[in-house]
Amino acid sequence: MNKRLMYVIIGIVVVLILGVGGYFALNGNSANNSSSGSNSNGNNNNPVPAGTVVISQETFKPGTITVNKGETVTWQNNDSIDHTVVADDGSFDLGTIAGGAKVQRTFDTVGTFKYHCSIHTFMKGMVIVK
Ligand SMILES: [Cu+2]
């Protein structure tokens, strides 16, 4: 009797562990997919070419872009107002980008570069250089 009960409990525990593990595995996968999807534009329906951040409705899109060392990132301002691209740590400042204009910067150093718009400080983005 007791043995049978033990097996039942073990069975329930195993099912619970598998269930919880599967849940986290699924979550991890979906999180990875969404982040890598926004990084490598080619995988999505996103028409923006790799290496381009579109500024639209006071938002950097994609918010995080990944490029290889030595590649150039273009910021295309599709808003009608000025924006800027300034590194949070002050390592670069691409100046004012008028509505419809674009700026570029080549990243020769591996690292993660957070930046923001100095006019609208809530506008934040990140360049990951691999
Ligand atoms: Cu701005």
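Two strands count as paired if DSSP finds at least two bridges between them, and the strands themselves are DSSP runs (E, at least two residues) numbered from the N terminus. The model shown in these views is predicted, so local features need pLDDT of at least 70 and side-chain atom pairs count only at pLDDT 80 or more, while totals for chains, interfaces and linings use all residues. Residues are numbered from 1 along each chain as its sequence is written, and side-chain values use heavy atoms, with hydrogens and water left out.

**View 1. The open sheet of five strands runs in the order S3-S9-S8-S5-S6, with mixed pairing.** Its edge strands, each of which pairs on one side only, are strand S3 (64-67) and strand S6 (93-97). Within this sheet, strand S5 (residues 83-87) and strand S8 (residues 111-116) pair in the antiparallel sense over two bridges, and Ala87 has Tyr115 in S8 as its bridge partner.

View 2. S1 and S2 pair in the antiparallel sense over three bridges, and the bridge partner of Ile55 in S2 is Phe60.

**View 3. The largest nonpolar core has 20 residues.** Such a core is a set of buried Ala, Val, Leu, Ile, Met, Phe, Trp, Tyr and Cys residues joined through side-chain atoms within 4.5 Å, where buried means under 20% relative accessible area, exposed over 50%, and partly exposed in between (1.4 Å probe, protein chains only). Phe60, Trp75 and Val127 touch the most other members, and the elements that give two or more residues include strand S1 (52-56), strand S4 (72-77) and strand S9 (124-129).

**View 4. The copper ion has His83 (ND1), Cys117 (SG) and His120 (ND1) as its protein donors, lying 1.9 to 2.1 Å from it.** Donors are N, O and S atoms within 2.8 Å of the metal (3.2 Å for Na, K and Ca), and because water is not among the atoms, sites may look incomplete. His83 lies in strand S5 and His120 in the loop between S8 and S9, so this pair ties together parts that are 37 residues apart in sequence. Both His83 and His120 are buried.

**View 5. Ser118 is placed in the loop between S8 and S9.** This residue is partly exposed, with a relative accessible area of 40%. Leaving aside residues up to four places away in sequence, Ser118 touches Thr84 and Val86, where contact means heavy atoms within 4.5 Å. Ser118 and Val86 are 32 residues apart in sequence and 6.6 Å apart in space, C-alpha to C-alpha.

Notes: Helix = DSSP H or I, 4+ residues; strand = E, 2+ residues; numbered from the N terminus.
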